Amino acid sequence: MENEKQKSQNGKIKNEKQKGQRADGESRGGHTIAAQTAEAPVAAPQTVKKNGGQISPKPSVLDTIRAAFPHTVPVMTGYLFMGMAFGILLQSKGYGPLWAFCMALFIFAGSMQFVAVGLMAAGFHPVIALLMTLMVNARHVFYGISMLETFRRFGKAKYYMIFGLTDETFALFCSVKPPPGMNEERFFLSIAALDQSYWVAGCTLGGLLGTALPINVLGIDFVMTALFVVIFLEQWKQKQNRTPALIGLGVSILCRVVFGPQWFILAAMAVLVLVFSLAKKPLERQVAPK
C-alpha cells in the first residue's frame, strides 16, 4: 500500500513538473514570437522617389496620357478643323487621302503644308520649295533653341520632340506643368504625340470628305491667311508688345512693293529673320517687366 501511495505521489509530481515546463516554454515562445513580430520590418508598397518626396504608385503610360489630354483639347479643336481644310484642299488638287495622311505624319507643318499644295500644283521646283520651307518655318529656330536643354533629358525621344514642336505644342510646354508624381518627360511626350495625332486625323478626314462629297473649295486656301490675321490681332491687343507686329507689317508691305506678288513672301521672311535676330535683345528688354 505504501509503495502504491509513493508511486502515485511521484506521478503527480512528475505531471506537475511537465505542465510547468510546457507553460514556461509557451511563455518564452510567445515572447520570442512577439519580439520577432515587433522587430520585423513591414514591407512597404513599391514607391517612386522624386524631388525628395515619395509617390505611390508609379503612374502608367495610360495615366500620363489621361493627364495630358485635357490640356490638349483646345489644340485638338483647332487642328481637326484646320487639318480637314487642308485635306479637302489637297484632294481638290488631285491628291487623295493617302497623300494627306503621309504629309501630316511625316511633314507635320501646318502652314508649310498649305504652301506645299500650291507648290505641288504648280510643278516641283526644288530650290524654291527648299527656300520657302526654310523661310516659313524659320520661326521655329527662336523657340526651338529655348527647348534644347529641356529636350536633352528625353534620351532618344528628343528627336521626336524636336520634330513635333509646333507653335501650339510649344505654348503648352511653356504654360503647363505635369501633375504631382507624373514623369515630366512622359507628360510632355504625350502632349506632343496627342497634338500630332489630332493633325493627322484632321488631314486624313478632310481627304476622305473631299473624295466622298462634292465640296466647293473656293476660298478654302484663305484659311491660313485668316489664321495669321487672328494671330496678328491677338498680338496687337498686347499693348506692351506691338513693336514686332509693326515690324512684320512694315517689312511685308515693303517687300510686296519691291519684289512683287511672286517673291515677296520669301523676301519678307528673309528680312524678318535677319531683323529679329539683330533686334532680339532690345525687343526682350522692351517687353520685360519693369
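User: How is the relative accessibility of a residue read, and what class does Tyr160 fall into?

Analyst: A residue is buried under 20% relative accessible area, exposed over 50% and partly exposed in between, with a 1.4 Å probe and protein chains only. Tyr160 has 25% relative accessibility and therefore counts as partly exposed. This is a predicted model, in which local features need pLDDT of at least 70, side-chain atom pairs count only at pLDDT 80 or more, and totals for chains, interfaces and linings use all residues. Residues are numbered from 1 along each chain as its sequence is written, and side-chain values use heavy atoms, with hydrogens and water left out.

User: Where is Tyr160 placed, and which residues does Tyr160 touch?

Analyst: Tyr160 belongs to helix α8, residues 158–163. Helices (H or I, at least four residues) and strands (E, at least two) are DSSP runs, numbered from the N terminus. Contact means heavy atoms within 4.5 Å. Once residues up to four places away in sequence are set aside, Tyr160 touches Leu189, Ala192, Ala193 and Gln196. For Leu189, 29 residues away along the chain, the C-alpha separation from Tyr160 is 8.5 Å.

User: What is found at Ala157?

Analyst: Ala157 sits in the loop between α7 (148–151) and α8. Its relative accessibility is 23%, so Ala157 counts as partly exposed.

User: How is the packing of two helices described, and at what angle do α9 and α10 pack?

Analyst: Two packed helices are described by the angle between their axes and by the distance between the axes. Axes are lines fitted to C-alpha atoms, for helices over the stretch in contact, and angles run from 0 to 180 degrees between N-to-C directions. Helix α9 (residues 167–175) packs on helix α10 (residues 184–212) at about 155 degrees, the axes being 10 Å apart. The two helices are therefore roughly antiparallel; angles over 145 degrees receive that label, those under 35 are roughly parallel, 65 to 115 roughly perpendicular, and the rest oblique.

User: Which residues of α9 and α10 meet?

Analyst: From α9, Thr169, Leu172 and Phe173 meet Phe188, Ile191, Ala192 and Asp195 of α10. By class, this contact has five nonpolar residues, one polar and one charged. Ala, Val, Leu, Ile, Met, Phe, Trp, Tyr, Cys and Pro count as nonpolar, Asp, Glu, Lys and Arg as charged, and the others, Gly among them, as polar.

User: Is Asp195 buried or exposed, and with which residues is Asp195 in contact?

Analyst: Asp195, in helix α10, has 0% relative accessibility and so counts as buried. Apart from neighbours within four places in sequence, Asp195 is in contact with Thr72, Val75, Tyr79, Phe108, Thr169 and Leu172.

User: What is the phi value of Phe108?

Analyst: Most residues other than glycine have a negative phi. Phe108 has a phi near 50 degrees, a positive value in a non-glycine residue. Phe108 is located in the loop between α3 and α4 (110–122), and its relative accessibility of 5% is why Phe108 counts as buried.

User: At what angle do α2 and α3 pack, and which residues meet?

Analyst: Helix α2 (residues 61–92) and helix α3 (residues 97–106) pack at about 130 degrees, with axes 9 Å apart. The angle therefore makes α2 oblique to α3. Phe86, Gly87 and Leu90 of α2 meet Trp99, Ala100 and Met103 of α3. Five residues of this contact are nonpolar, one is polar and none is charged.

User: Which residues are in contact with Arg186?

Analyst: Leaving out neighbours within four places in sequence, Arg186 is in contact with Pro59, Ser60, Val61 and Thr64. Arg186 lies in helix α10 and counts as partly exposed because its relative accessibility is 33%. Arg186 and Thr64 are 122 residues apart in sequence, with 6.8 Å between their C-alpha atoms.

User: What can be said of Val251 in helix α12?

Analyst: Val251 is in α12, residues 243–278, and is buried because its relative accessible area is 13%. Beyond neighbours within four places in sequence, Val251 is in contact with Ala268, Val271 and Leu272.

User: How many helices and strands does the protein have, and what share of its residues is buried?

Analyst: The protein has 13 helices and two strands. Buried residues make up 29% of its 290 residues.
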